[in-house]
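User: I have a protein model to go through. Can you take me through some questions about it?

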Amino acid sequence: MTDPTCYHCGDDCGKNRVQFDDKDFCCNGCKTVYEIFTSNGLSTFYEIEGKAGTTPNEIRQKYDFLDNQEIVKQLVEFDEDGVQVISLSIPNIHCSSCIWVLENLNKLHSAITVSQVDFPKKTIRVTFKTEDFSLKALVLLLGSIGYEPYISLEEYNKKGKKVNRSLIYKLGVAGFAFGNVMLFSFPEYFEVEEFWLDQYKSVFRWLMFAFSLPVVFYASQDYFVSAYKGIRSKLLNIDVPIALGILTLFLRSTADIIFDLGSGFFDSLTGLVFFLLLGKFFQQKTYAYLSFERDYKSYFPIAVTRLGKNGEEENIQIYNIEVGDRILIRSHEIIPVDSILIKGTAEIDYSFVTGESEPVFKESGEKLFAGGKQLSGVLEVEVLKSVSQSYLTQLWGNSVFSKDKSSQFQTLTDSIGKRFTIAVLSIATLATLFWLVFDPSLALNVFTSVLIIACPCAIALAAPFTLGNMLRIFGKHKFYLKNASVIERLSIIDTAIFDKTGTLTTNVKDTIHYEGMELTEEETALLKTTLRASNHPLSRSLYNILKSNAIMTLEEFQEHTGKGIEGKYNQHTIKVGSAAYVGENHSNSITNTTVYVSADEDVKGRFVFKNTYRDGMSQIFDELSNDLNLGILSGDNDGEKKKLEGLLPAKTKMMFDQKPEDKLEYIKKLQQKHKVLMVGDGLNDAGALAQSNVGLAVSENINVFSPACDGILDAAQLRTLPKFIKLSKQSVRIIKMSFLLSLCYNVVGLYFAVTGQLQPVIAAILMPLSSISIVVFTTLATNFVARELKNKES
């Protein structure tokens with residue numbers, strides 16, 4: 001007979017089953033949430049999605065720091081007249097029922113007036129009255145219904161980051177001007193002879209001039225600034241000919257209407273700027289809800305509990321911790337500073353720093369490093385170093401983290417733009433000299449015409465639209481890049497280095513083998529019952545693989561932190577834990593994690609936990625080895641070396657026992673001769689990720705953790721990495737093909753310009769046509785080559 005499942009969260013109820021309203025609940029917490037929903041008219045929550053609730057986390061005193069009004073003021077977006085507005089990150093948002101519940105918070109508490117969910121960002125924006133309510137009360141309410149907010153030191157330091165909307169404003173101005181100028185230009189195109197049009201021709205021309213002023217002096221100012229900086233730095237970037245073309249168009253057109261020589265090229269001018277800004281907007285419109293600049297501040301608490309001389313507790317900001325202070329570290333809290341353990345038994349998970357998931361056990365008097373997470377129990381520690389001097393902060397303080405890779409990389413557009421600028425200026429100069437000799441009256445007209453028609457608007461659009469569309473395609477397949485230049489850098493790598501633990505291996509499932517005497521059915525049942533009472537990760541893994549369903553009520557249960565657990569039932573005893581704990585004195589040396597079992601003081605055997613490698617690892621490395629040099633950098637020992645040699649190509653270089661600084665230095669040494677891709681997962685890889693030409697973070701959950709990197713790759717898509725690299729190379733080829741297409745337009749236009757035959761209608765047709773055709777070509781081409789991703793998934 002299987003245990004009933006909880007009506008709210010879906011977990012097994014077990015022996016602690018709570019019955020209410022003819023329904024089963026696993027705990028009083030779930031029953032309370034059910035009562036809240038039903039009493040407030042929200043019972044339809046359970047009709048949207050079965051078992052849609054999330055098991056509540058144990059919050060206890062975790063959010064006492066929100067009693068500190070200085071901290072609250074830094075976190076809220078608005079605080080005036082008894083009303084506060086706050087945006088909170090809710091990692092547990094995962095479905096439509098989550099959105100429904102969170103947007104009906106006003107029915108759970110009358111102080112809440114509005115709550116709005118941003119599902120892609122997994123955030124909620126809440127407006128509430130502070131008279132009988134507070135931010136802490138809001139956080140505890142969210143936690144009680146299973147949606148505990150995530151509040152980090154990074155959020156505290158943001159201080160209201162402003163959104164830059166200047167590009168949108170400039171795009172709007174250019175688009176408005178472009179539409180109106182085109183409207184005024186139609187009579188000029190078709191040379192319509194009508195009395196009123198001819199009578200007010202000069203008025204229309206000056207109106208076009210007026211509309212072009214904000215386009216030149218506001219919307220296109222970034223191109224002039226960039227061109228000026230490029231010239232000052234003795235670099236001819238793509239913005240130099242663009243700025244020159246815009247200026248020439250404006251001056252030539254202004255001269256035309258002043259001296260009544262024609263209507264000028266205001267239509268081409270405004271259209272050019274509009275399409276350029278449209279390309280820039282498209283390029284910047286990427287997956288902004290992911291943070292690519294995360295550091296240790298993202299995961300540290302905002303405040304800690306400090307113990308006074310008389311034992312009183314106070315919540316202080318983390319930056320106010322001083323050497324010699326005694327602070328409390330509660331269960332599942334991050335240790336914010338290097339410290340000495342005073343009281344309690346520490347079971348520390350250092351995977352945040354080292355990437356290794358096995359807990360480390362410490363006793364009183366031993367040193368604890370910042371970045372570890374206490375897994376169970378409360379610790380009292382004495383601070384050895386301040387936040388700014390701790391090991392983790394020093395690791396992150398390496399100068400490599402402040403390096404801007406984009407500024408050190410010359411894009412394909414800039415590389416071609418330099419040659420293009422030289423070519424255009426040369427042609428304009430030679431053509432002008434020619435006409436000065438044969439027909440001086442055409443010399444100025446030819447010079448300006450060449451600069452106008454050769455303005456590289458199509459070239460400037462090719463990269464943004466190609467790479468922007470590829471960013472969208474990558475994101476659709478859970479590969480999120482920081483910006484478009486990452487694709488170009490990814491296309492030229494020749495070496496790929498991988499971390500092992502958490503990158504090539506997965507912590508979602510363990511491979512567990514049993515070695516020793518076979519356990520009887522009674523011993524297996526007692527073992528599973530004993531494991532059921534433990535919250536240790538290894539205990540949970542073992543519990544899941546044991547097949548016995550005979551769950552009993554233990555007469556006695558003991559858990560010895562760092563050693564093992566013991567259960568007694570009907571005069572029989574089972575022990576699970578280390579070799580010494582169960583009485584095994586002759587344990588063979590083994591590189592894998594092991595858990596020993598004894599029944600009635602007789603050692604029966606051991607469970608060996610082995611790394612589980614992600615599906616398709618051999619295929620991934622075989623595909624990559626065709627074009628790249630491959631390597632493994634691991635913080636583990638070499639216990640898995642033989643297994644890796646069987647999985648990976650023979651030429652794969654493997655290095656073990658690598659500390660974070662060792663990984664960084666190895667990547668730096670490789671870069672002397674190679675373009676390096678680093679693929680890792682944890683904070684211990686952060687230095688190497690930042691140092692490499694392209695750093696990719698592999699994550700089981702892209703919204704939970706990713707160190708500073710150029711891209712985030714969903715762990716389930718790691719097998720598609722070779723295809724992503726191939727598509728990056730194909731994207732660059734598409735850009736080059738776009739350049740050739742643009743060159744064809746320029747050659748045609750230059751013919752008319754050099755021969756002195758350039759007419760406004762020709763410029764008006766060629767310039768927009770080249771821009772539109774480039775946009776269409778790049779979009780269709782990227783969608784075509786990306787079909788391989790769909791084929792691979794199917």
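Analyst: A salt bridge is a side-chain nitrogen of Lys or Arg within 4 Å of a carboxyl oxygen of Asp or Glu. Keep in mind that this model is predicted.

User: How far apart are the closest N and O atoms of E382 and R326?

Analyst: Side chains of opposite charge can pair when their charged atoms come close. E382 and R326 form a salt bridge. Their closest N and O atoms are apart by 3.7 Å.

User: Which strands does this pair tie together?

Analyst: The two residues are 56 residues apart in sequence, so the pair ties together separate parts. E382 lies in residues 379-383 and R326 in residues 326-329. Those are strands β15 and β9.

User: Is E382 buried, partly exposed or exposed?

Analyst: Buried means under 20% relative accessible area, and exposed means over 50%. E382 has a relative accessible area of 27%. That value lies in between, so E382 is partly exposed.

User: Which residues are linked with R326 in a network of salt bridges?

Analyst: E382 is one of them, as its salt bridge with R326 shows. The network also links two other residues to this pair. With R326, it holds E382, K343 and E380.

User: What separates E665 and K668 along helix α24?

Analyst: Their side chains meet in a salt bridge of 3.8 Å, N to O. The two are 3 residues apart in the helix. An α-helix has 3.6 residues a turn, so residues three or four places apart point the same way. E665 and K668 are therefore separated by about one helical turn.

User: Why do the buried residues of α24 lie on the same side?

Analyst: In this helix, P660, K663, L664, Y666, I667 and L670 are buried. They are on the same side of α24 because the arc they cover around the axis is only 165°.

User: Which strands stand at the edges of the open sheet of 3 strands?

Analyst: The strand order is β12-β11-β14, with antiparallel pairing. Two of these strands each have a single partner, so one side of each is left without a neighbour in the sheet. The edge strands are β12 and β14.

User: Which residue in β12 stands opposite I348?

Analyst: β11 and β12 pair in the antiparallel sense over 3 bridges. β11 covers residues 346-349. The residue opposite I348 is V360.

User: Where is confidence lowest and where is it highest?

Analyst: The mean pLDDT of the protein is 76. Helix α14 has the lowest confidence, at a mean of 54. The highest, at 91, belongs to strand β17.

Key:
Residues are numbered from 1 along each chain as its sequence is written. This is a predicted model: local features need pLDDT of at least 70, side-chain atom pairs count only at pLDDT 80 or more; totals for chains, interfaces and linings use all residues. Side-chain values use heavy atoms; hydrogens and water are left out. Buried means under 20% relative accessible area, exposed over 50%, partly exposed in between (1.4 Å probe, protein chains only). Helices (H or I, at least four residues) and strands (E, at least two) are DSSP runs, numbered from the N terminus. The arc is that of the directions from the helix axis to the C-beta atoms. pLDDT is the predictor's confidence in each residue, from 0 to 100. Two strands pair if DSSP finds at least two bridges between them.
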